[in-house]
Amino acid sequence: MFSTSFMCAASAGDAIENGGFENGINEFGICYSGRQDTALPSLYVTKEIASDGNYALEFLPGEDLGTESSISPASDGFAYQGVYNKKSFSMESGKKYTISANVYPKNKNVKMRFMVFSDGKLLESSEEFTVSADNWNQPSYAFTPDEDFNNVKIRMGFYDIDEGKSVFIDEVSCKEAIAGTSMWKPRGSENISISNNTMSFAVNGGKSGGIYCQSDKNSYGAGKYALVGTVSTDANSAYLIFNCPSVSGAHSEYVLKKGEEVNAVLVFDASKSTDDMIHTQIDVVADSDATVTLKNVEIVDMNYFMNVSQADNAVTISGQLKSGNENKSISISVSDIGTFNVRTNSDGAYTISQEIPAFTGIRKLVRAEVSGMSGYNDVGNVLSTDFYVTNTAELDAIAASVNACTTAAAVSDVLTQNVLDDMGVSAIPVVISADKNKIFNYLAAKDISDGKQLMDAIKTAACYDVLDRRVKKLTDIVDEYADILNVNSIEAYKDLYQNADKTSLNTMFEQSPAKLKDFDTFEYALTETIVRCEVNTKVTAAQQMAVIQKYAEALNLDFDGYSKLSSDKQYNVTTSLMNGIKNVTDYSTLQARLDSLVASAGNSNTGGAGGSGGSGSSGGSGGSGGKGEFNSYTVPPDENKTKEFRFNDIDSVEWAQESIYALAEKGVISKADDNRYNPHNNITRAEFAKMVSVLFGITQNGEILSLNDVKESDWYYPYVAALYANGIVNGVSQTEFGSNAEITRQDICVILANILKPEEDAEAASFTDIDEVADYAKNAVSIMKKRGVINGYEDGSFRPKGYATRAEVAKMLYEISK
């Protein structure tokens, strides 16, 4: 593949002795200049001027000489007629390399070439560049070796230099392509075939197949980049997606037809990537088993691609050419639109805007080509990209037909697969993942005025569907489609979203049972998720309550009754409502809970939040406000039964009242002086130790327990000591029991299993998150599930590292004791 077209006597493979041809030069200071009649490239090594014998110009791939000290008295750069790097390096087959430099000829245009040598033999020569006088030029040369080479050196040869004149050189580099052909890998089980600059892989009909490439963010400079490549397939029809997931909004879609070659492009801003490794991928969904062929796939900088946009019935094409193309006449050809001569500005930028001639159909693929530039020999002196132009009148007519439909079936008759393909929406990733019937139902109930609104409505409906079915991450969809989803009208989004932890948002959204079908339900689900995330960052009940109250309207919560309470009673309600709020996954349950607490507070003459002191009956903070995963069922209270003692805060947990009173009568639960049980508090390890010790009659054996957080003066000392003495519990470390920490669900199961000592093992419980259960707890959790002591949440999960409320534990222990 190497060029033998070279303007000196040497041909490819010839040895170059002594660094170059000894063809008359005159020394001018420490710069070199050639005779005026010099016709051959000067391949001279530079003069050895350093005491250590190093040559003046040295570089390695990717290094920038602009930061090195100048050795030329004539310039801040480097000035030689023929230069090369002293240090050698290796090149790998199939990888693309680009040599570049800043070059400044004094007084006269100069010709030059880049040359690649290995072990003194010429491997590759660039085309001839003419670098203009008294300007910094930026020539570059890209090539891909077809075998591995060692001891590679790069040389720059200059000729047609006037005697006594100089050429200054700066910022010489040889860089590997950011995403060369050899760096691409299959995304799944596909077999990817690579031959030079061509790749191919097979896809199964109806299923996605593709390739991906990862590159370090540090490989990119400032400005935008583009993933480019020529793609074709032997399928009758296929959807092509270029995507950069870590950059919001960075994807482009094409509908491929058999026999077409599409010059696809995806523009993205690498600096906006949320990851240090930038992941680019190419996916194809075909209507049948097919082969996809990709040529010249790479990532290029802003000087190698065009920006294309359409507004109404006009298309605008713009770009920025590399240095050396300032104030230059170039040609822009757009298929089916015309050819236009354009002059770049002083920065090498260009732009044109042209009307789109009338055509039949919804949209069509056109090709734009820019030619007549300087320094683009590596791409055949032509920049090319394909893009779609839309027939707005035709699209508006389809929108009118859809607007007249009142049923999903009628919409599907208008938006056939061919029409969706012609519109281009079939290839949009979120639409591919969506249920088409859900989209059609949404459109049938929507007022649609024009083609743009129809396109937005299709994407919006697809977003609602994939979120409703939880097949896409919330933040991915919100970030990608922020505009069409109108998220800036949602107060919680504007206030809190940008600073929220994205992983927490996605997790909390997946936990929420909220259903999405329109903007109102989407607003509720997004607000609930964002507010839940914010609440979990707050420490006090008052802070948590303030967040919920601020967004009460969007959460469909009514605080009128609460606002009429005295401050003491509001404090009581806030404390009770917020106890367990961090584990509440469905805020639609808060209104009933709030109303119950407000009603109870309104009928009560007592004030203050209260607490149970050191008896062991006060709980921790946070936790679940519902019945959790424990096997709880409603036991109607016996209204005719009179008790000498009554708790005043368990009206909201009717399902646990019988259990609480029964355990209180047995002394398992202390009858606190303030008549509070704190049913929604999470139970601590010390509290649980007391309850099970008393319930099962576990006592100390006289052995002294020595732990940093369990002292003999502590109320819970005898109970923890009893469990330790009987080998029932271990601490959180060798020196601590974790007395005041909330006990996890999986540790509750382990302690109960150690007490009950079941002889049987159990098959792994069918919880959806059983793999998250610690190894030491798996069997205990499965046994407790088998015995009916615990049940899962409605979503099938167990949440092993979550906590249990005091009401839940009372119910569970009472059921075990019966």
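## The second largest pocket

Strands here are DSSP runs of E with at least two residues, numbered from the N terminus. With that in hand, strand β29 gives the largest share of the lining of the second largest pocket, at 6 residues. The model is a predicted one.

That pocket has a volume of about 1600 Å³, and 42 residues line it. Nearest its centre lie E253, V308, Q310, Y388 and K459. The elements that give two or more residues to the lining are β19 (251-257), β20 (262-268), β23 (307-311), β29 (382-390), α1 (392-403) and α6 (451-468). Sorted by class, the lining has 19 nonpolar, 12 polar and 11 charged residues.

## Aromatic pairs

The structure holds 15 aromatic pairs. Take Y254 and Y388: their rings are tilted, 5.8 Å centre to centre with 40° between the planes. This pair ties strand β19 to strand β29 across 134 residues of chain, and both Y254 and Y388 are buried.

Then there's Y724 with F737, an edge-to-face pair at 6.1 Å centre to centre and 65° between the planes. Y724 sits in helix α17 (residues 717-725), while F737 is in the loop between α17 and α18 (745-756). Y724 counts as partly exposed because its relative accessible area is 22%, whereas F737 is buried because its value is 2%.

Elsewhere, ring pairs link Y442, Y464, F519 and F522 into a cluster.

## Charges over rings

F737 turns up again here: R685 lies over its face, 4.5 Å from the ring centre. R470 also places its charged end over a ring, that of F509, at 4.1 Å from the centre.

Technical notes:
Residues numbered from 1 in each chain as written. Predicted model: local features only at pLDDT ≥ 70, side-chain atom pairs only at ≥ 80, totals over all residues. Heavy atoms only, no water. 1 Å grid on protein atoms, 1.4 Å probe; cavity = no way out; pocket = protein on both sides within 12 Å on 5 of 7 lines; lining within 4 Å. Points joined across faces, edges and corners; volume = space filled by probe spheres on them. Helix = DSSP H or I, 4+ residues; strand = E, 2+ residues; numbered from the N terminus. Nonpolar A, V, L, I, M, F, W, Y, C, P; charged D, E, K, R; others polar. Phe/Tyr/Trp six-rings, centres within 6.5 Å; stacked < 30°, edge-to-face > 60°. Buried < 20%, exposed > 50% of the residue type's maximum accessible area, 1.4 Å probe, protein only. Lys NZ or Arg CZ within 6 Å of the ring centre and 35° of its normal.
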